[in-house]
2 protein chains.
Amino acid sequence: MLERVAIVGTGLIGASVGLAAKRAGAVRVDGFDADGETLSKAVELGAVDHGAPSLHEAVREADLAVVAVPVTQLGAQVSAVLEATERTVVTDVGSTKGRVAADRSPRFVGGHPVCGSHARGPEHASADLFQGATWFLTPGPETDATTYQLVHGFVAELGATPVAIPADAHDRLVALTSHLPHVLANALMNQAGATTVEGHEPLASAGGSLRDMTRVAGANPRIWVDIFLENADAVGEALADHKRRIERVERALRDRDGGFLARWIGEAALNRRRMLERAFPDPGALQRLRVHVPDRPGVLAGITQALGAERINIEDFELHHFSPERGGTLTLLVAGEEPAARAAALLEAQGYGVAVSPVIEE
Amino acid sequence: MLERVAIVGTGLIGASVGLAAKRAGAVRVDGFDADGETLSKAVELGAVDHGAPSLHEAVREADLAVVAVPVTQLGAQVSAVLEATERTVVTDVGSTKGRVAADRSPRFVGGHPVCGSHARGPEHASADLFQGATWFLTPGPETDATTYQLVHGFVAELGATPVAIPADAHDRLVALTSHLPHVLANALMNQAGATTVEGHEPLASAGGSLRDMTRVAGANPRIWVDIFLENADAVGEALADHKRRIERVERALRDRDGGFLARWIGEAALNRRRMLERAFPDPGALQRLRVHVPDRPGVLAGITQALGAERINIEDFELHHFSPERGGTLTLLVAGEEPAARAAALLEAQGYGVAVSPVIEE
């Protein structure tokens, strides 16, 4: 691990970098934030050893400076750090990379840890935030090999998996994997919220699919407006393609073209299997168990204990709450038909009704 | 509970109706299915007491006949049951209601239990399938009050909440709450799957939002092609409105209109809060705990036991698996800042890093 790390912007991501770097063995973490309270909080939490009174003081002795300011200020802050230092390597954590790529210094490489952004502020920071996450790095033609190597090693020590990609390709990729899903979640949420059907509110009878698909709706306007604007061109391209795909479905519905719809759903099933193969060694073996459970403390413990004692590994686990009176539905994924059958038998012995089905249908 | 219930079509839904009716006290459940194997399986599972050799024999002595055949055969099968009987009340469980509403008999009322359809076949049936679920009923002008009352009481005894709605309003409502989300999930999955960005596959770096939003992609083509075709007009209207909403976002991106985007995300946040208020008494108090956990048996039991012993109620619970090597992220919802802080302290005492944040941001 590096000896001296500087964090510029000590909010959720910056403070988490500090905590993770300390845990991985960094000797000293200096921090600066334009907001004094955010900086004090990061110091108090142990994410920063020394809260510096200026950007210059924070970064001047650092081996690596990590710039974790809002996306609109990234370009200016990265330039300021490069100017304030002579040997310090500089990276950032912005979720779009096109603009910051303009900083053509041998000492700079852009970065983007993919770790969600449900919260803001150092008080939500965690040394575990990057564990298992992809951390994109966007070396440019001027980036020194030693710069890349240093940042690559640093993010790997924080528990992330570094993945190199050109800055513009990065922005088109995240437009698809993150920004387009966010646009669709917001659009769907507002469409369902704006419509009432003869006095019935769609939101009152929201099924699982609407709940799943609007999980990120309404998230962090202060962060997301900037992300959408910074990546407006790539998001616009993704939306244009989306509209063409929706128009193809509209045509199939008008023409009552069941053949197209069947092929289209089948293609989605194949794509979903490919996506799951990245997370699970054998998604075809995954079984889904659905269990209705009451809403009271201890229920989950009873279920997970019983499966744990039998060495049945729960691959994925979801409880969707209906209401205090009616309880919720617990969905478990278990790998393999035999362990799934044993799990179902154990839960049935506890008095639960269990429905088992394969995750990927043939 | 009714004495004699007949099930026409003994697949997942039909067999679950049989199991739930038996548990609620039905004296005898007769069943018929055009597929002999499906019928035998339902008898074997105890969902049906007597597998009848014909539709006529199954329904003729029944107080209530529940028609649970694929959506394209509903109209014909409901008519056949009405013709075969004189006093039997008839309902169906189809997820679109426009066509079956043509059956204008005083003895008929349409129905639709909203309970997901991840699986097919009686072997996945469960007496708990309808517990806490909305069960739409679509009485027409000819429906007798006694017919409505009988079916209303029956579905309530199965654990569902009956909600009356006109058939055409039902179809527009589910176009929004279920069919539109399914179209968007399939479209998004295929767009992410069809595109590679300079050799990088979006599916390989799918973040949480893409995973959440494609949960239902590729589901049950045999069921969903029929649903889309049966409800093509209402789904088409929902898609046209969706496209207009996407075009508004495209315009805002082109014009770099941050004000619109901020209002639009804020509106989505309000709508999401309204939706969550239907499931949680006080969604504003909900706190989200994020914990990185290794992939091994017993981990969930340890966590849920610790919280259960402290009487901390977990409102919602998700484990998203990364890989066997890297483990996964556990997300818990806990109501109230104080219980959330206690939960975080307990988990930290077990050596986990925990990030806490409010579910609904102000």
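Asp49(B) is partly exposed, with a relative accessible area of 36%, where buried means under 20% relative accessible area, exposed means over 50%, and partly exposed lies in between, all with a 1.4 Å probe and protein chains only. This residue forms a salt bridge with Lys22(B), the closest N and O atoms being 2.9 Å apart; a salt bridge is here a side-chain nitrogen of Lys or Arg within 4 Å of a carboxyl oxygen of Asp or Glu. The structure is a predicted model, in which local features need pLDDT of at least 70 and side-chain atom pairs count only at pLDDT 80 or more, while totals for chains, interfaces and linings use all residues. Residues are numbered from 1 along each chain as its sequence is written, chains are lettered from A and ligands numbered from 1 in the order in which they are written, and side-chain values use heavy atoms, with hydrogens and water left out.

**Salt bridges within the chains**

- Over all chains, the structure holds 38 salt bridges.
- Lys22(B), with a relative accessibility of 27%, counts as partly exposed.
- Asp30(B) forms a salt bridge with Arg28(B), and their closest N and O atoms are 2.9 Å apart; Asp30(B) counts as buried at 2% relative accessibility, whereas Arg28(B) counts as partly exposed at 31%.
- Asp241(B) forms a salt bridge with Arg245(B), with 3.3 Å between the closest N and O atoms, and both residues lie in helix 9 (residues 232-254) of chain B, four residues apart, about one turn of the helix.
- In this pair, Asp241(B) counts as buried at 18% relative accessibility, while Arg245(B) counts as partly exposed at 22%.
- In chain A, salt bridges that share partners join Arg4(A), Arg28(A) and Asp30(A) into one network.

**Sheet of chain B**

- Chain B has an open sheet of eight strands, in the order 3-2-1-4-5-6-7-8 and with mixed pairing; two strands pair if DSSP finds at least two bridges between them.
- Strand 3 and strand 8 (161-164) of chain B stand at the edges, each with a single partner strand, so one side of each is left without a neighbour in the sheet.
- Strand 6 (residues 108-113) and strand 7 (residues 134-138) of chain B pair in the antiparallel sense over four bridges, and Gly110(B) stands opposite Thr138(B) in strand 7 of chain B.

**Strand 9 of chain A**

- Strand 9 (residues 286-293) of chain A is mostly covered, as seven of its eight residues are buried.
- Strand 9 of chain A runs antiparallel to strand 11 (residues 327-335) of chain A, to which eight bridges join it, and the bridge partner of Gln287(A) in strand 11 is Val334(A).
- Five bridges join strand 9 of chain A to strand 12 (residues 354-358) of chain A, again in an antiparallel arrangement, and here Arg290(A) stands opposite Ala355(A).

**Relation of the two copies**

**Interface of chain B and chain A**

- In this interface, 137 residues of chain B are in contact with 138 residues of chain A.
- The area buried between the two chains is about 12,400 Å², of which carbon and sulfur atoms give 61%; buried area is the accessible area (1.4 Å probe) that two parts lose on being put together, summed over both.
- Gln191(B), Met213(B) and Met275(B) supply 6% of the area that chain B buries against chain A, more than any other three residues.
- The rule finds 10 salt bridges across the interface, and Arg274(B) forms a salt bridge with Glu201(A), the closest N and O atoms being 2.7 Å apart.
- Helix 6 (residues 167-194) of chain B gives the most to the side of chain B that touches chain A, with 21 residues.

How values were computed
Helices (H or I, at least four residues) and strands (E, at least two) are DSSP runs, numbered from the N terminus. Contact means heavy atoms within 4.5 Å.
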